[in-house]
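Colleague: I would like to go through this model term by term. Please give the cut-off each time and then draw the conclusion.

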Amino acid sequence: MARSKTLILLDVDGTLTLPRKIVEENMEAFMQKVREHATLGIVGGSDLCKIAEQMKGMDVLKKYDYVFSENGLVAHKDGQLIHRQDIAKHVGDDKLQKLINFCLRYMSDIELPVKRGTFIEFRSGLINICPVGRSCSQAERDQFAEYDKVHGVREKFRQVLMKEFGDFGLKFVIGGQISMDAFPEGWDKRYCLQFVEKEEFEKIHFFGDKTAEGGNDFEIFSDPRTVGHTVTGPDDTIRQITEILNL
């Protein structure tokens with residue numbers, strides 16, 4: 001199998017790492033081994049700083065052939081920035097302000113085990129919405145994730161946003177443990193595929209954990225241009241890639 005003909009494209013949280021945790025040494029070593037057999041890429045919803053934090057520094061741009069942060073709205077190839085998109089210019093500040101104001105009002109009425117700070121985070125290509133607040137500790141993050149599994153806080157919120165802003169041309173998806181992303185239709189993780197299609201890979205394998213409808217891996221997972229794989233965590237990612245590449 002020629003390295004240039006196969007692309008392994010990976011989500012970060014829940015796929016390369018445990019949610020918001022640092023990549024383990026065994027995964028780093030495994031990915032360098034994989035890179036001898038296939039082209040490697042990351043596609044995450046987080047911004048580049050957060051991805052680099054989880055992947056032990058900005059060297060991630062050298063360790064992977066492609067790094068697509070914010071779903072590929074900020075795209076790097078071979079360590080070089082090749083594309084950047086701007087949600088404010090695309091959507092307009094009037095609409096974004098209506099969305100942000102609505103989200104803050106809605107979240108102010110939610111009762112959770114705890115609330116912290118940074119409920120809205122503006123990124124280059126998307127708006128991140130976090131009911132518990134992104135400044136929560138890891139223990140509080142885990143606590144919210146378990147609470148959300150039982151009470152469906154984010155899914156209920158997502159449904160409300162879809163109904164309220166259905167005419168804004170926005171997509172609302174659940175990602176990671178604690179938040180949701182809002183971005184224009186078509187700006188999901190499939191966005192990154194435009195940068196790899198011209199390389200004429202024979203196969204593009206995508207690995208992610210949020211592959212069910214409403215999750216932020218669903219669209220790229222189910223896209224006909226990719227072979228989608230659902231993983232349950234980093235160890236499962238290693239197992240599946242080992243089988244696929246016959247390592």
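Modeller: Start with accessibility. A residue is buried under 20% relative accessible area, exposed over 50%, and partly exposed in between, using a 1.4 Å probe and protein chains only. This is a predicted model, where local features need pLDDT of at least 70, side-chain atom pairs count only at pLDDT 80 or more, and totals for chains, interfaces and linings use all residues. Residues are numbered from 1 along each chain as its sequence is written, and side-chain values use heavy atoms, with hydrogens and water left out.

Colleague: Why is D78 called exposed?

Modeller: Its relative accessible area is 52%. Exposed means over 50%, so D78 is exposed.

Colleague: What makes the phi of D78 worth a remark?

Modeller: Phi of D78 is positive, about 50°, yet D78 is not a glycine. Most residues other than glycine have a negative phi. D78 sits in the loop between β4 and β5 (80-84). Strands are DSSP runs of E with at least two residues, helices are runs of H or I with at least four, and both are numbered from the N terminus.

Colleague: What is the phi of R20, and is R20 buried or exposed?

Modeller: R20 has a positive phi near 60°, and R20 is not a glycine either. R20 lies in the loop between β1 (6-10) and α1 (25-34). Its relative accessibility is 14%. Buried means under 20%, so R20 counts as buried.

Colleague: Why does N71 count as buried?

Modeller: N71 has 2% relative accessibility, so it counts as buried. N71 belongs to the loop between β3 and β4.

Colleague: Which residues is N71 in contact with?

Modeller: Contact means heavy atoms within 4.5 Å. Neighbours within four places in sequence are left aside; the partners of N71 include V43, L126, F183, W187 and Y191.

Colleague: What makes D47 buried?

Modeller: The relative accessible area of D47 is 18%, so D47 is buried. D47 lies in the loop between β2 and α2 (48-54). With neighbours within four places left aside, D47 is in contact with S69, E70, E121 and R123.

Colleague: How do you know which strands β3 pairs with?

Modeller: Two strands pair if DSSP finds at least two bridges between them. Strand β2 (residues 39-43) and β3 share three bridges and run parallel. Strand β4 (residues 74-77) and β3 share four bridges and run antiparallel. With at least two bridges needed, β3 therefore pairs with β2 and with β4.

Colleague: Which way do the residues of β3 point?

Modeller: Y66 and F68 point one way from β3 (residues 66-69), V67 and S69 point the other way, and all are buried. The hairpin of β3 and β4 has four residues between the strands, and E70 there takes a positive phi near 50°.

Colleague: What makes β6 and β8 edge strands?

Modeller: Each of β6 (120-122) and β8 (170-175) pairs on one side only. The sheet is open, with four strands in the order β6-β7-β9-β8 and antiparallel pairing. Six bridges join β8 to β9 (residues 179-184), and K171 has F183 as its bridge partner in β9.

Colleague: At what angle do α5 and α7 pack?

Modeller: Helix α5 (residues 93-108) and helix α7 (residues 153-164) pack at about 145°, with their axes 12 Å apart. Axes are lines fitted to C-alpha atoms, for helices over the stretch in contact, and angles between N-to-C directions run from 0 to 180 degrees. Among the residues that meet are L99, F102 and Y106 in α5 and F157, V160 and L161 in α7. α5 lies across β6, β7 (127-129), β8 and β9. α7 lies across β7, β8 and β9, at about 180° to β8.

Colleague: Why is C49 too far from C130 for a bond?

Modeller: A disulfide is a pair of cysteine sulfur atoms within 2.5 Å. The sulfur of C49 is 18 Å from the closest cysteine sulfur, in C130, so it is too far for a bond. C130 is in no disulfide either, as the sulfur of C136, the nearest, is 5.8 Å away. The search of the whole structure finds zero disulfides.

Colleague: Are C49 and C130 buried or exposed?

Modeller: C49 has 60% relative accessibility, so C49 counts as exposed. C130 has a relative accessible area of 0%, so C130 is buried.
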